[in-house]
Amino acid sequence: MGVPVSVVIVDDHAMFRSGVRAEIADRVSVLGEAADVDSAVKAVVDLRPDVVLLDVHLPGGGGVEVMRRLGTRAPETRFLALSVSDAAEDVIGTIRGGARGYVTKSITGTELVAAIGRVSEGDAVFSPRLAGFVLDAFAGSIEVAQVDQDLDRLTEREREVMRLIARGYAYKEVASELFISVKTVETHVSSVLRKLQLSSRHQLTRWAADRRLL
Amino acid sequence: MTIVVTMKTQHPETPATLEARRASRSTEGRLIGGVAAGLSAHLSVDVMYVRGAFVLASVFGGFGVALYAGLWMILPSDARFAQGAPGLDAASRQGKRPGRPSKLEDLGPLVALGAVALGVVALLQSLGGGFVAFWPVVLGTVGLAVLWSQADEAQRERWTDSTGRIDLVRAVVGRGGVASYARLAAGVGLLISALALFALQPGQAGVSRDVLVAAALGVAGLALTVGPWLFRLAGDLSEERAERVRSQERADVAAHLHDSVLQTLALIQKHAEDGWAVARLARAQERDLRSWLYAEESGPKTSVAGALRAVAAEVEDSHGTPIEVVTVGDLPSSERSQPLLLAAREAMVNAAKHSGADRIDVYAEMGAELTELFVRDRGRGFDPTQVPSDRLGVRASIIDRMRRHGGVAEIKSAQGQGAEVRLSLERNGEGT
């Protein structure tokens, strides 16, 4: 491995920040920490990290606000949402705000480093839970033939990939299950991420509030 | 040694008293103030018809606008007491979540008053003809406006009052002292001068009619000013009572919860050298807190997803292997889902006991026709065709049980490659 990925940790709990730092500091280069939206924006602009570990709930408007305020000022920085909250609307909101993945705080150090690496290369990181949220949000699917620009729905293949991830399969396992390459799995996941971020499906951010019984 | 920890959370539930159905403004489906959407929900009529009726009534004489504005003021918003999970509510209050952008509703009272004024003017013009009544009406409306904004502020003041007692005088004039009284006086004064102007309108043939109209207007003005307030007060009172019950329940739950965390911390200290026990305790407590703080999910009694989570939690507690549960969709719990849950439980127990995996993934997808459930581990795996006799559970509790109830169980596994159990159950034949 060449130059280690540079990281800024944004979380309002000091104990959690130092815990994460201790866990990953030998494998990535932690440039700094921030505890709220203002300091996070400043840290990202000043330090130009490859990846920002971004808490979903953050004083000053949440993780989404950090990405919104940065706008285009840090085009090369990527965001990985890290949260203890499982509220679907917040998670989806953060992804739609520009994060390239979502992991829960109970993730192990090794898994977190792997996720950071993946995000820094521009890939998306979907945990089983996020995959479940996505499947819930994009209920229903369409034929592969008419995929092209329909941002409101997932293709059959994308759904399969999401389902396998929700079942706990790693990308490599998904690939061998579907007889496709890991690269193709990554392409599918990135395309789901794009749909999630661009879809105008109007209930998307709010569907979580009233997921109702069938 | 066995450690028994009970960490059940009592989810606060709304008291099961019978309550009258009350209309409210909808914050979800609104275009302007949510009146039409709220009414359509209340009357079970399509919202398009309600909106159409309002528009029609507005075009003919402006009555629709006045009615809309009046309802806007009278109907309570359905979001007033909307409560989420306490952790999320707290995060919102502390500004850790993105807030809702401010909308038209902040201008609500102002817009409503403007609309009332327009509506009344239009109504009078169509009744009396010409601009005869214009200025008195404008004056009167301004008076009403002042009174109204006053009443609304008083409402808000009362809401922030911590003692919860209701003082009639204070409810009308608020705590504002001189300014409030002055505004009240100004409002009443303007109203009266409007009436006076009406009565003294010169050169009118039907003076008596004007006075009559003025009197009617005065009564209507009073009704408009005080009526909604009384109406809302009545509504608020019962809401407030319910709210108090709820907050007390919440306090109980919080106390219980903190208690359970303290217990767990004490137990963790006791078992500091036993890593497995510590991890198990921490995990159980984490799950408990998380579900209480952040999940707005249905409980184990009402939905299959809730029941599945409860089953997973129980297996996790007794065997110590973390179980990740992801669900998509949900179903109301029924007899029919019972075998599925039992089979899933057996699969989880098997994985926890025999696989040696450090995590089990459970995924359930519940659709209108088909429910599918996967239990997966990355443990040592086994050959499904040669299930050893001590794992009778696989045959009897999983495969046979599913078959008996019209479902299918498949087991995919090989030595050293983990295992995945797939359960599926079609929903037809169910009585719900």
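Chain A has nine helices and eight strands, where helices (H or I, at least four residues) and strands (E, at least two) are DSSP runs, numbered from the N terminus. This is a predicted model, in which local features need pLDDT of at least 70 and side-chain atom pairs count only at pLDDT 80 or more, while totals for chains, interfaces and linings use all residues. Residues are numbered from 1 along each chain as its sequence is written, chains are lettered from A and ligands numbered from 1 in the order in which they are written, and side-chain values use heavy atoms, with hydrogens and water left out.

Of the 214 residues of chain A, 55% count as buried, a word that here means under 20% relative accessible area, with exposed being over 50% and partly exposed in between (1.4 Å probe, protein chains only).

Over all chains there are two aromatic pairs, a pair being rings of Phe, Tyr and Trp (its six-membered ring) with centres within 6.5 Å, called stacked if the planes are under 30 degrees apart, edge-to-face if over 60 and tilted for the rest.

| Pair | Type | Centre to centre | Angle between planes |
|---|---|---|---|
| B:Phe54 and B:Tyr68 | edge-to-face | 5.1 Å | 75° |
| B:Tyr363 and B:Phe374 | stacked | 6.1 Å | 25° |

B:Tyr363 belongs to strand S2 (residues 360-366) of chain B and B:Phe374 to strand S3 (residues 370-377) of chain B, 11 residues apart, and both B:Tyr363 and B:Phe374 are buried.
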